[in-house]
Amino acid sequence: MTCPTGRLRPASAEATISIDQEKTRTEAKEPPLHRRILEEVEGKILSGEWPPGHRIPFEHELTEQYQCSRMTVNKAITELVKRGLIERRRKSGSYVTHPHAQSAVLEIHDIRLEVESLGLRYRYEKRTRLDRSAKAADRRLMDLPEPAPLTEISALHFAGAQPFCLEDRLINLVAVPEAAAETFDDTAPGAWLISRVPWSAAEHRIRAVGADSRAADLLAIAPGTACLVVERRTWSGGVYITHVRLTYPGEKHELVAEFAPSHPKQNA
């Protein structure tokens, strides 16, 4: 009797390999540990379980709780500081911030209200809309897995007869799946999101740029004209909702923030 020339693998080995593969697939679905720490701490703050002024556990305590490195905990805490949810106090620890901290803060406004506050007629015009998978740049920008579904929208906002603002927006369909069924033909995506999706934090970046050929054509200005660009990311529960790039002709827009000194001096 002859035996096959191929090598046989014991059934127990096959079972071990199957278990290991399943473990690998399960672990791949789990978020990074620093993200889990961030989301759990953020959840306690937003729910009110940890009110303003509450001292969160020291980093070494969180290290013991989550059985991880100090670097992992520090990464999560640093992100929460950037989001304005906690503040570090030297030799004292980290504390939940007060909601009325005296600092310059940009609010999220409906562009329609900005135009109408000028006494001008508002008009919205959708230019393009595309449902697609996130590209590498999108994933870096919004911390998305591959291949996350997105809605990409380009639109113009008018003040009277003149273009007021160019909007280029990405919406994370994992966070806002109902956006896939919305055409945005008559409703601007910013106003639609404000009315339907709660957000917990936002990040603004403001730059002065010269208009490229596309922006210049859409905004009816000369190429190279100075523009104010506001880039904003909003998220909720550790998940990014949207990224928007708003381009305003420089002479038609300004940003104003009111703030006061933390410790006013007498007779200053």
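This is a predicted model: local features need pLDDT of at least 70, side-chain atom pairs count only at pLDDT 80 or more; totals for chains, interfaces and linings use all residues.
1. Start with helix 2 and helix 4. Two packed helices are described by the angle between their axes and the distance between the axes. Helix 2 covers residues 33-46 and helix 4 covers residues 70-82; they pack at an angle of about 45 degrees, and their axes lie 8 Å apart. That angle makes helix 2 oblique to helix 4. As for handedness, helix 2 passes helix 4 in a right-handed crossing.

2. Who touches whom here? On the helix 2 side you'll find L33, H34, I37, L38, V41 and E42, and they meet T72, V73, K75, A76, E79 and L80 in helix 4. Sorted by class, this contact of helix 2 with helix 4 has seven nonpolar, two polar and three charged residues.

3. For the contact itself, helix 3 brings E59, H60, L62 and T63, while helix 4 brings R70, V73, N74 and I77. The class count for helix 3 with helix 4 comes to three nonpolar, three polar and two charged residues. Have a look at V73 of helix 4: V73 is listed in the contact with helix 2 and also in the contact with helix 3.

4. Now for the empty space. Rolling a probe the size of a water molecule over the atoms shows where empty space is left. The second largest pocket holds about 520 Å³ of space. It is lined by 18 residues, and the closest to its centre are P32, R35, D143, L144 and G238. Helix 2, helix 4 and strand 8 (239-249) are the elements that give two or more residues to this lining. By class, the lining of the second largest pocket has eight nonpolar, four polar and six charged residues.

5. Which elements each supply at least two residues to the lining of the largest cavity? They are helix 5 (111-116), strand 5 (162-172), helix 7 (189-196), strand 7 (226-236) and strand 8. The lining of the largest cavity has twelve nonpolar, five polar and five charged residues. If you're tracing strand 8, note that it contributes to the lining of the second largest pocket as well as to that of the largest cavity.

How values were computed: Residues are numbered from 1 along each chain as its sequence is written. Side-chain values use heavy atoms; hydrogens and water are left out. Axes are lines fitted to C-alpha atoms, for helices over the stretch in contact, and angles run from 0 to 180 degrees between N-to-C directions. Helices (H or I, at least four residues) and strands (E, at least two) are DSSP runs, numbered from the N terminus. Angles under 35 degrees count as roughly parallel, over 145 as roughly antiparallel, 65 to 115 as roughly perpendicular and the rest as oblique. A crossing is left-handed if the near helix is turned anticlockwise from the far one by less than a right angle, and right-handed if clockwise. Contact means heavy atoms within 4.5 Å. Ala, Val, Leu, Ile, Met, Phe, Trp, Tyr, Cys and Pro count as nonpolar, Asp, Glu, Lys and Arg as charged, and the others, Gly among them, as polar. On a 1 Å grid over the protein atoms alone, a cavity is a set of points where a 1.4 Å probe fits but cannot get out, and a pocket is an open set with protein on both sides within 12 Å along at least five of seven lines; lining residues have an atom within 4 Å of a point. Grid points are joined across faces, edges and corners, and a volume is the space filled by probe spheres set on the points.
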